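Have the viewer open as you read along.

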Amino acid sequence: MSVESILKAKGTHVETTRPDTTLYTIVWDLKLKGIGALVVSEDGTSVLGLISERDIVRGLAEHGAAILSLPVSKLVTSPVVTCGPRESITAVMARMTRHRVRHLPVVEGGTLCGIVSIGDVVKHRLDELELEANILRENLMARH
């Protein structure tokens, strides 16, 4: 299975933000949208970076409450670890583990075309395992 199969199930919409957006706005966006990261982009299709809850917590430790007035460009993770739509789920899981990231923008031909989170990957893998278990169960039942 590939990243494309996850995007077919969840959709390709990606929440983005501009590099000059304040962290105060970012914190509210993450809260209101119930997400853990935003792709930083000037135009909504190029990927300049990623701002995540983890980045904000680390910035809070470094800058204190003053962080809220800073622009995203001061804390953005860049360059971003990405994946392509035709990459396998296994490869994406390994990349997330190796780089210790929870979100991977999906990029094809330099254009943002989706995002996958560790939750998306785990859900997809659990669905695969359930399907495999059901097939095995049916095969066992058919033999008896």
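Strands here are DSSP runs of E of at least two residues, helices are runs of H or I of at least four, and both are numbered from the N terminus. Two strands pair if DSSP finds at least two bridges between them. This is a predicted model, in which local features need pLDDT of at least 70 and side-chain atom pairs count only at pLDDT 80 or more, while totals for chains, interfaces and linings use all residues. Residues are numbered from 1 along each chain as its sequence is written, and side-chain values use heavy atoms, with hydrogens and water left out.

Let's begin with the sheet. Its 3 strands form an open sheet in the order β1-β2-β3, with mixed pairing. At the edges lie β1 and β3, each pairing on one side only. Strands β2 and β3 run antiparallel and are joined by 4 bridges; Val-40 has Gly-49 in β3 as its bridge partner.

| Strand | Residues |
|---|---|
| β1 | 16-17 |
| β2 | 37-40 |
| β3 | 49-52 |

Now for the helix. Helix α2 (residues 23-33) packs on the sheet and touches β1, β2 and β3, where contact means heavy atoms within 4.5 Å. The direction of α2 makes about 130 degrees with that of β2; axes are lines fitted to C-alpha atoms, for helices over the stretch in contact, and angles run from 0 to 180 degrees between N-to-C directions.

Which residues of α2 are buried? They are Leu-23, Ile-26 and Leu-30, buried meaning under 20% relative accessible area and exposed over 50%, with partly exposed in between (1.4 Å probe, protein chains only). Seen down the axis of α2, these buried residues fall within an arc of 50 degrees, so they line one face of the helix. That arc is taken from the directions from the helix axis to the C-beta atoms. The buried residues of α2 pack against β1, β2, β3 and α3 (53-63), whereas Lys-31 and Leu-32 are exposed on the other side of α2. Just after α2, Gly-34 takes a positive phi of about 65 degrees.
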